[in-house]
Amino acid sequence: MFAYTLRDDVYRPAISRECGVDPINSDEFGDLRHYRNAIIRNRGILDVDTATLTVFSRGDIIGPTADQLREVFSQLIAGLNGVGIRYYGEDPGFEWGRRLNA
């Protein structure tokens with residue numbers, strides 16, 4: 001859940017300043033917020049429908065396996081690429097398994 005906090009506290013305000021747009025939205029990170037809230041506040045039970053993260057559905061208990069975590073991160077990476085396209089006009093090309101400076 002650190003990814004959500006980092007995005008919300010550091011990167012979202014920075015993108016907002018750089019692009020002059022507020023708020024900065026991402027369905028993937030909005031869904032991650034729902035996952036986070038389920039874990040922290042609802043005994044792990046997801047009680048809302050999600051827009052783009054498809055690993056868990058309403059009523060599921062969020063207790064992810066390694067494969068499910070990989071899928072969540074893959075979907076979040078796609079969301080980060082979408083933020084680049086939407087707010088900067090270019091695809092940053094993030095990929096699962098590829099180092100940033102490789």
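Which residue forms a salt bridge with Asp49, and how far apart are the closest N and O atoms? I will start there, keeping in mind that what we have on the screen is a predicted model. The partner is Arg58, and the closest N and O atoms of that salt bridge are 3.3 Å apart. Asp49 counts as exposed, because its relative accessibility is 54% and the cut-off for that word is over 50%.

Let me stay with the charged pairs for a moment. As a general point, side chains of opposite charge can pair when their charged atoms come close.

In helix H1, which covers residues 2-19, Arg12 forms a salt bridge with Asp8, and here the closest N and O atoms are 3.1 Å apart. Arg12 and Asp8 are four residues apart in that helix, so about one helical turn separates them. Arg12 is partly exposed, with a relative accessible area of 23%, and Asp8, at 25% relative accessibility, also counts as partly exposed. The pair belongs to a network of salt bridges that links Arg7, Asp8 and Arg12.

In helix H3, which spans residues 66-88, the pair is Arg70 with Asp67, whose closest N and O atoms lie 2.4 Å apart. These two residues are three apart in the helix, again about one turn. Asp67 is exposed, with a relative accessible area of 54%, whereas Arg70, at 38%, counts as partly exposed.

Now to the nonpolar side of the model. In soluble globular proteins, nonpolar side chains tend to be buried together. The largest nonpolar core here has 12 residues in all, among them Tyr4, Phe29, Leu32, Tyr35, Ala38, Leu46, Ile62 and Leu76. The elements that give two or more residues to this core are H2 and H3, and the largest share, four residues, comes from H2. If you look at Ala38, and leave aside its neighbours within four places in sequence, you will find this residue in contact with Arg43, Gly44, Ile45, Leu46 and Ile62.

I will finish with two asparagines. Asn42 lies in the loop between helix H2, residues 27-41, and H3. A polar atom of the Asn42 side chain is 2.8 Å from the backbone oxygen of Ile45, and, setting aside neighbours within four places in sequence, Asn42 is in contact with Asn37 and Asp47.

The other one, Asn81, is found in helix H3. Is Asn81 buried or exposed? Asn81 counts as buried, because its relative accessibility is 11%, and the cut-off for buried is under 20%. Not counting residues up to four places away in sequence, Asn81 touches Asp91, Pro92, Gly93 and Phe94. Further along the chain, Asn101 is 20 residues from Asn81, and the C-alpha atoms of these two asparagines are separated by 16 Å.

Key
Residues numbered from 1 in each chain as written. Predicted model: local features only at pLDDT ≥ 70, side-chain atom pairs only at ≥ 80, totals over all residues. Heavy atoms only, no water. Buried < 20%, exposed > 50% of the residue type's maximum accessible area, 1.4 Å probe, protein only. Contact = heavy atoms within 4.5 Å. Polar contact = N/O pair within 3.5 Å; in protein donor to acceptor, adjacent residues only side chain to side chain. Core = buried A, V, L, I, M, F, W, Y, C linked by side-chain atoms within 4.5 Å. Salt bridge = Lys/Arg side-chain N within 4 Å of Asp/Glu carboxyl O.
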